[in-house]
Amino acid sequence: MGDDVVLDVRGLTRRFKGADGVGNVSLSVRAGERVALLGHNGAGKSTLMKVILGLLPIDSGTALIAGHEVGSTAARAAVAYLPEAVSFHPALTGREQLRLFAKLARVERSEADALLERVGLEHAAERRIGTYSKGMRQRLGMAQVFLGKPALALLDEPTSGLDPIARHDLYALIDALAAQGTGVMIASHALTEIEARTDRIAILRGGQLVADAPLQELFARANMPIRFRLSAQADATALFDRFGGQRINGARVEFNVTPDQKMARLADVTAMGAQVADVEIIPPSLEDLYRYYSKPAEAS
């Protein structure tokens with residue numbers, strides 16, 4: 001294991017009687033890396049996270065956090081966790097709650113106070129948590145994750161239920177967490193956010209890891225089609241005769257090409273000159289990629 005690998009999972013299997021788990025999963029996260037963990041409900045995301053947190057035993061395989069076996073005291077000290085439904089004592093103030101976490105983590109209370117400012121809660125530090133909005137509770141949860149500069153952070157649907165501004169602010173905190181050297185694994189269904197906010201995508205299907213690579217590499221492997229959308233200057237008949245595909249409202253043509261055909265087709269479109277009023281080139285989205293890797297094996 002390299003010195004910068006903060007999570008090293010190899011051949012991990014955890015099964016349940018009458019329920020799915022994970023089987024033979026190998027996955028790593030490096031210091032400062034942001035990895036998105038994707039998968040349908042029941043794909044094994046929660047099981048994998050619980051095993052990494054030491055909450056479930058391993059049937060076979062290994063999992064190390066900063067070189068320590070999951071579940072050990074050293075591994076627990078090196079990992080932080082933000083659940084989807086973060087919950088704190090409603091009668092405590094934000095400052096009291098975070099100072100309590102700091103004490104449990106053997107961190108100076110001054111670090112807790114500084115983190116309240118870092119996550120934008122200094123104005124509400126003396127208010128009871130019961131008066132906080134969902135976004136404010138998530139910010140407090142992120143402050144708790146920052147405590148002690150953990151080697152690894154597991155974030156389970158961190159932006160669920162947040163408005164767009166709160167989502168943007170939370171991802172800025174996640175970026176800051178990675179920038180300080182913490183490896184971050186984010187389980188999320190918010191694909192449009194994940195696409196621009198992570199360094200690598202890992203996809204679980206039926207407890208199996210079916211994809212694990214940077215986004216562009218996954219697109220290249222899938223060889224998914226690119227969509228051309230041409231608008232005609234007048235009638236689209238000539239464009240349809242040249243490129244085929246689908247005519248829309250008599251003035252537009254849409255057709256797909258493989259990635260290796262894109263530049264040649266673009267040259268063909270340019271050669272049509274003034275007959276083309278506009279051209280859009282639409283690459284596959286992360287949602288398309290996720291659907292590709294998540295479909296049953298026999299459908300691949």
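**Entry 1: H3 and H5**

I looked up how helix H3 (residues 94-104) packs on helix H5 (residues 134-146) and found an angle of about 25°, with the axes 10 Å apart. Helices here are DSSP runs of H or I with at least four residues, strands are runs of E with at least two, and both are numbered from the N terminus. I noted that axes are lines fitted to C-alpha atoms, for helices over the stretch in contact, and that angles run from 0 to 180 degrees between N-to-C directions. H3 and H5 are therefore roughly parallel to each other. The cut-offs are under 35 degrees for roughly parallel, over 145 for roughly antiparallel, 65 to 115 for roughly perpendicular, and oblique for the rest. The contact (heavy atoms within 4.5 Å) joins Gly 94, Gln 97, Leu 98 and Phe 101 of H3 to Leu 140, Ala 143 and Gln 144 of H5. By class I listed 4 nonpolar, 3 polar and no charged residues for H3 with H5. Ala, Val, Leu, Ile, Met, Phe, Trp, Tyr, Cys and Pro count as nonpolar, Asp, Glu, Lys and Arg as charged, and the others, Gly among them, as polar.

**Entry 2: what I am reading**

This is a predicted model, where local features need pLDDT of at least 70, side-chain atom pairs count only at pLDDT 80 or more, and totals for chains, interfaces and linings use all residues. Residues are numbered from 1 along each chain as its sequence is written, and side-chain values use heavy atoms, with hydrogens and water left out.

**Entry 3: H8 and H11**

Next I checked helix H8 (residues 215-222) against helix H11 (residues 286-294): their axes come within 11 Å and cross at roughly 60°. That makes H8 oblique to H11. From H8, Leu 215, Leu 218, Phe 219, Arg 221 and Ala 222 meet Leu 286, Leu 289, Tyr 292 and Tyr 293 of H11. I sorted the residues of this contact of H8 with H11 into 8 nonpolar, no polar and 1 charged.

**Entry 4: Asp 260**

I found Asp 260 in the loop between strand E13 (252-257) and helix H10 (262-271). Is Asp 260 buried or exposed? Asp 260 is exposed, with a relative accessible area of 66%. Buried means under 20% relative accessible area, exposed over 50%, and partly exposed in between (1.4 Å probe, protein chains only). I also took the C-alpha separation of Asp 260 and Leu 140, which is 47 Å for 120 residues along the chain.

**Entry 5: the whole protein**

I noted 11 helices and 14 strands in the protein. The C-alpha trace spans about 75 × 50 × 40 Å along its principal axes. Of the 300 residues, 44% are buried.
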